[in-house]
Amino acid sequence: MTEAPHTGRPDRDWVTLLGGVRVSRQWMTRHTPGLLAAWLDAATAARRRSIAAEIVRIAAELESEPVVGDGEPGCSEWEAVAERIDPRLLLGPDWRPLSAALTRAAAAGYDVPSRLPALAAAPLPDRHPARELHWRLLDDCPAALPVPDADGGPVTPPPR
């Protein structure tokens, strides 16, 4: 288990779900309140794991979108920043949603090169370090969230 990120909020704002994946309680209260309540009240560990898997699945749908192309503005800049923080951030499928969120945050005026290392100051977990940093970013910069489509559903990437 890792320390909670230093965001000026107490550790109780983060919940460890599956395999060390930590999710902001604030995010779950906003997006999955029924599942959060069910997870807290679950009678068995198996039931809790099942509910946690559903929360993570919903989070992946809502908060993750692929980067549209390698030429995405800021992409190589984010790679350089991430490499300096922890080279593991660039490995695996969790990097692309984090990179897209960094682009949205920067577009909203968030100072990614200085704030991202601060968000990563608390140790990142061995499993899914980019996903953890993504959650910390979303908690620190709500503008990094994808904008829902007109129907309120997750953003769908444009056709290639």
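**Salt bridges and their surroundings**

Tutor: The model under discussion is a predicted one. Asp94 forms a salt bridge with Arg131, and the closest N and O atoms of the two are 3.3 Å apart. Asp94 lies in the loop between helix 4 and helix 5, whereas Arg131 belongs to helix 7, so this pair ties together parts that are 37 residues apart in sequence. Arg131 itself counts as partly exposed, at 24% relative accessibility.

In general terms, side chains of opposite charge can pair when their charged atoms come close. A search of the whole structure finds five salt bridges. One of them joins the side chains of Asp126 and Arg88, with 3.9 Å from N to O. This pair links distant parts of the chain, 38 residues apart: Asp126 is in the loop between helix 6 (112-119) and helix 7 (129-140), and Arg88 is in the loop between helix 4 (75-85) and helix 5 (95-107). Asp126 is exposed, its relative accessible area being 70%, while Arg88, at 27%, is partly exposed.

A further salt bridge brings together the side chains of Arg115 and Asp140, at 3.0 Å from N to O. Since Arg115 lies in helix 6 and Asp140 in helix 7, the pair ties together parts that are 25 residues apart in sequence. Arg115 is partly exposed, with a relative accessible area of 31%, and Asp140 is also partly exposed, at 28% relative accessibility. Through salt bridges that share partners, Asp86, Arg88 and Asp126 are joined into one network.

Helix 7 also takes part in an aromatic contact. The count of aromatic pairs comes to one. In that pair, the ring centres of Trp27 and Trp135 are 5.3 Å apart and their planes stand at 75 degrees, so the arrangement is edge-to-face. Trp27 lies in helix 1 (residues 25-31) and Trp135 in helix 7, so parts that are 108 residues apart in sequence are tied together. Both Trp27 and Trp135 are buried. A charged side chain meets a ring elsewhere: Arg48 lies over the face of Trp39, at 3.8 Å from the ring centre.

Ser24 is placed in strand 2 (residues 22-24) and is buried, with a relative accessible area of 5%. A polar atom of the Ser24 side chain lies 3.2 Å from the backbone nitrogen of Gln26. Leaving aside residues up to four places away in sequence, Ser24 touches Asp13, Trp14 and Asp139.

The nonpolar surroundings complete the account. In soluble globular proteins, nonpolar side chains tend to be buried together. The largest nonpolar core here has 38 residues, of which Leu17 and Leu137 touch the most other members. Several elements each supply at least two residues of this core, among them strand 1 (14-16), helix 1, helix 2 (33-41) and helix 7. The largest share, six residues, comes from helix 3. Leu17 touches Val23, Met28, Trp39, Ala52, Ile55 and Val56, again not counting residues up to four places away in sequence.

Methods
Residues numbered from 1 in each chain as written. Predicted model: local features only at pLDDT ≥ 70, side-chain atom pairs only at ≥ 80, totals over all residues. Heavy atoms only, no water. Salt bridge = Lys/Arg side-chain N within 4 Å of Asp/Glu carboxyl O. Helix = DSSP H or I, 4+ residues; strand = E, 2+ residues; numbered from the N terminus. Buried < 20%, exposed > 50% of the residue type's maximum accessible area, 1.4 Å probe, protein only. Polar contact = N/O pair within 3.5 Å; in protein donor to acceptor, adjacent residues only side chain to side chain. Contact = heavy atoms within 4.5 Å. Phe/Tyr/Trp six-rings, centres within 6.5 Å; stacked < 30°, edge-to-face > 60°. Lys NZ or Arg CZ within 6 Å of the ring centre and 35° of its normal. Core = buried A, V, L, I, M, F, W, Y, C linked by side-chain atoms within 4.5 Å.
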